[in-house]
Amino acid sequence: MKKKYLFTPGPTPIPSEALLAMAQPIDYHRSEDAVALIKDVLEKLKHVFQTENDVLFLTSSGTGAMDGAVSNLLSQGDTVLVIRSGKFGERWSEICTAYGVNIIPIDVEWGNSVDPEKVDHQLKSNPSIKAVYSTLCETSTGALHDIQSLAHITQSTSTLLVVDAVSALGADDLQMDKWGVDVVVSCSQKGLMTPPGLAFVGLNSRAWDAVEQSNLPKYYFDFRKAHKSGLEGSVPYTPAITLLNALQCALNRIYEEGIQNNIARHQQMALATRSAIKAIGLPLFASSPANTLTSIRLPKEIDGKAFVKMMREEYGITYAGGQGELSGKIVRIAHLGWMDENDVIVAISSFERGMAEIGYDIAYGAGVAAAQQVFTTQDSQ
Ligand code: PMP
């Protein structure tokens, strides 16, 4: 018998009550129960987004919300600033290009985070820039961008700040209202502990003004339709109602724990993982690592692809490998969603075992001890 463990930055493990909720007979999405369900979910999402603004949902993966955050906010001829520090920053520029929007890229070396001064400089030289598109955690590298500083810059301009918090929502702090972030997009299968298939968008009043002016083509991902329906507990099209049932259970967990406690738990798991990796003697890949996941740079002689494959096939442990130019060079361990200290210990002890098996000279237990140290210090505080 082999038990499976999922340590990928999405999908993430799902709490048992959410799994059970999905086993209930399917309901009609225009029933009174569905109206109550949708209203409850949208209200609780505000807590997770740390906003008083309405949050809307779409039936799609996270990329659908990103697509909508371009087609609903922009108009033909607009120019935007795109922070590209990995695969998902690149996705923003691909979407903008697909819609014919002009982009000014800020290219950041993979593993690093954007220098807010560079954004400030660009906005001062090009005040007509309509929006800045960034990620919170660039999942392909594990780096965290300083969204609070970016929001501080954009708030005093007419430029919108649009943040892809697809992987990091609930794990890394993002205080939408307090910091002044105009648009936040996310999805179900990461920090929100629900299967893939739902995407979420929070917009403030500045963003809604842009939506009203936008003339790019859109249909399925029309935010105005989703917003109007959502307020009534309704939907423009048939939603993934089964997933909404699961999401409600998952959101109840976050709501009961409180978003800031939820983030603090992720921070401890990230600190413990980073401490463990350092004790094992390997470098972290990101210069400013996120709470969402830890990226580890592998020694040159180790084939990262073979390592990830072996871990999955022989031990039932799924880590994520590197994407794009990082393929085979890094391993990504997520500590995201329905996870706690014990999951981190399993992730680290399995990592030690696998690294030893693949030929890395390792002292068993060094990483585990370092992680335990972080957790016990925290517990005694
Ligand atoms: N942005 C980020 C930061 C992500 O981590 C991901 C998924 N890994 C996406 C966008 C794309 O989301 P999806 O695969 O749900 O479309």
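Which residue takes a positive phi just after α12? In this predicted model, the answer is G316, with a phi of about 75 degrees.

**View 1. Helix α12 and its buried face.** Helix α12 covers residues 304-315, and its 12 residues reach 16 Å from the first C-alpha to the last, close to the 16 Å expected at 1.5 Å a residue. Look here for the buried residues G304, F307, V308, M310, M311 and Y315. Seen down the axis of α12, these buried residues fall within an arc of 160 degrees, so they line one face of the helix. Their cover includes the strands β12 (317-318), β13 (320-321) and β14 (330-334), along with helix α13 (341-357).

**View 2. T141 in its loop.** Here we move to the loop between β6 (137-138) and β7 (143-144), where T141 is found. Is T141 buried or exposed? With 0% relative accessibility, T141 counts as buried. Its side chain reaches the backbone nitrogen of A143 at 3.2 Å. Leaving aside residues up to four places away in sequence, T141 touches S85, W110, G111, F285, A286, S295 and L326.

**View 3. Helix α10 and what covers it.** The 17 residues of α10 (residues 241-257) should span 24 Å at 1.5 Å a residue, and the end C-alpha atoms are 25 Å apart, which agrees. Buried along this helix are I241, L243, L244, A246, L247, C249, A250, L251 and I254. Which elements cover them? They include the helices α1 (16-22), α2 (32-49) and α11 (259-280), together with the strands β2 and β10 (199-203). Just after α10, G258 takes a positive phi of about 90 degrees.

View 4. V368 counts as buried, because its relative accessibility is 16% and the cut-off for buried is under 20%. Its contacts are with I345, I348, S349 and E352, not counting residues up to four places away in sequence. The C-alpha atoms of V368 and A276 are separated by 6.2 Å, although these residues are 92 apart along the chain.

**View 5. The largest cavity.** The model has two cavities of 30 Å³ or more, and the largest has a volume of about 140 Å³. Its lining is made up of 15 residues, and F57, L58, T59, P236 and Y237 are those nearest the centre. Both β2 (55-58) and α9 (223-231) supply at least two residues of this lining.

**View 6. The largest pocket.** We finish with an open space, the largest pocket, which has a volume of about 150 Å³. Which residues line the largest pocket? They are K3, K4, Y5, L6, F7, P13, W338, M339, D343 and V346. The elements giving two or more residues to this lining are β1 (5-6) and α13.

Key. Residues are numbered from 1 along each chain as its sequence is written. This is a predicted model: local features need pLDDT of at least 70, side-chain atom pairs count only at pLDDT 80 or more; totals for chains, interfaces and linings use all residues. Side-chain values use heavy atoms; hydrogens and water are left out. Helices (H or I, at least four residues) and strands (E, at least two) are DSSP runs, numbered from the N terminus. The expected span of a helix is 1.5 Å times one less than its number of residues. Buried means under 20% relative accessible area, exposed over 50%, partly exposed in between (1.4 Å probe, protein chains only). The arc is that of the directions from the helix axis to the C-beta atoms. Contact means heavy atoms within 4.5 Å. A polar contact is a pair of N or O atoms within 3.5 Å; within protein, one must be able to donate a hydrogen and the other to accept it, and residues adjacent in sequence count only if both atoms are side-chain atoms. On a 1 Å grid over the protein atoms alone, a cavity is a set of points where a 1.4 Å probe fits but cannot get out, and a pocket is an open set with protein on both sides within 12 Å along at least five of seven lines; lining residues have an atom within 4 Å of a point. Grid points are joined across faces, edges and corners, and a volume is the space filled by probe spheres set on the points.
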